[in-house]
Amino acid sequence: VGVTENQNEEEGAAKEEEKTNKPDGKDLAQESFEAFLSENESWVMKVVADAVAYSKVAPSRDKDWVQSVIDGTSGHKKDKKESPVQLKLSAEFNENLWPALRTRG
């Protein structure tokens with residue numbers, strides 16, 4: 001069973017390599033997207049339908065704020081100093097909680 005699985009994986013990898021080296025002028029990104037979509041269409045279509053339904057009932061975000069996020073000027077604390085409380089919380093989290101969370105799986 002293991003040999004057949006490895007053989008199938010190798011054949012699949014070889015076919016994928018052939019696709020990426022095709023000189024037929026197709027865009028690799030487009031081909032990759034189409035392959036992903038065809039393999040995941042059932043759940044992707046549900047996600048898109050949910051997103052469209054949500055967008056019809058949820059309030060829109062302020063266009064200026066969205067543009068500021070895109071531009072990287074959204075007013076997040078980049079140059080401002082963090083409060084001492086925030087620094088202590090971050091340090092405690094990094095020392096005590098994060099190591100345990102990283103090893104869970």
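Where does H2 bend, and by about how much? The bend in H2 is at Glu41, and it comes to about 90°. A bend here is the angle between two axes, one fitted to the seven residues ending at a residue and one to the seven starting there.

Before going on, a word about what you're looking at. This is a predicted model, so to speak of local features pLDDT must be at least 70, and side-chain atom pairs count only at pLDDT 80 or more, while totals for chains, interfaces and linings use all residues. Residues are numbered from 1 along each chain as its sequence is written, and side-chain values use heavy atoms, with hydrogens and water left out.

Now the overall layout. The protein chain has four helices and zero strands, giving the pattern α-α-α-α along the sequence. Helices (H or I, at least four residues) and strands (E, at least two) are DSSP runs, numbered from the N terminus.

Back to H2, which covers residues 28-57. With 30 residues, a straight helix would reach 44 Å at 1.5 Å a residue, but the end C-alpha atoms of H2 are only 36 Å apart. The expected span is 1.5 Å times one less than the number of residues.

What about burial? Buried means under 20% relative accessible area, exposed means over 50%, and partly exposed is in between (1.4 Å probe, protein chains only). Buried residues make up 6% of the 105 residues in the chain. In H2, Glu31, Asn40 and Val44 are buried.

Next, the aromatic rings. Rings of Phe, Tyr and Trp (its six-membered ring) pair if their centres lie within 6.5 Å; planes under 30 degrees apart are stacked, over 60 edge-to-face, and the rest tilted. That rule gives two aromatic pairs. One of them joins Phe36 and Trp43, edge-to-face, at 6.3 Å centre to centre with 85° between the planes. Phe36 is partly exposed at 40% relative accessibility, and Trp43 is partly exposed at 45%.

Finally, look at helix H3 (residues 63-71), where you'll find Val69. Val69 is partly exposed, with a relative accessible area of 38%.
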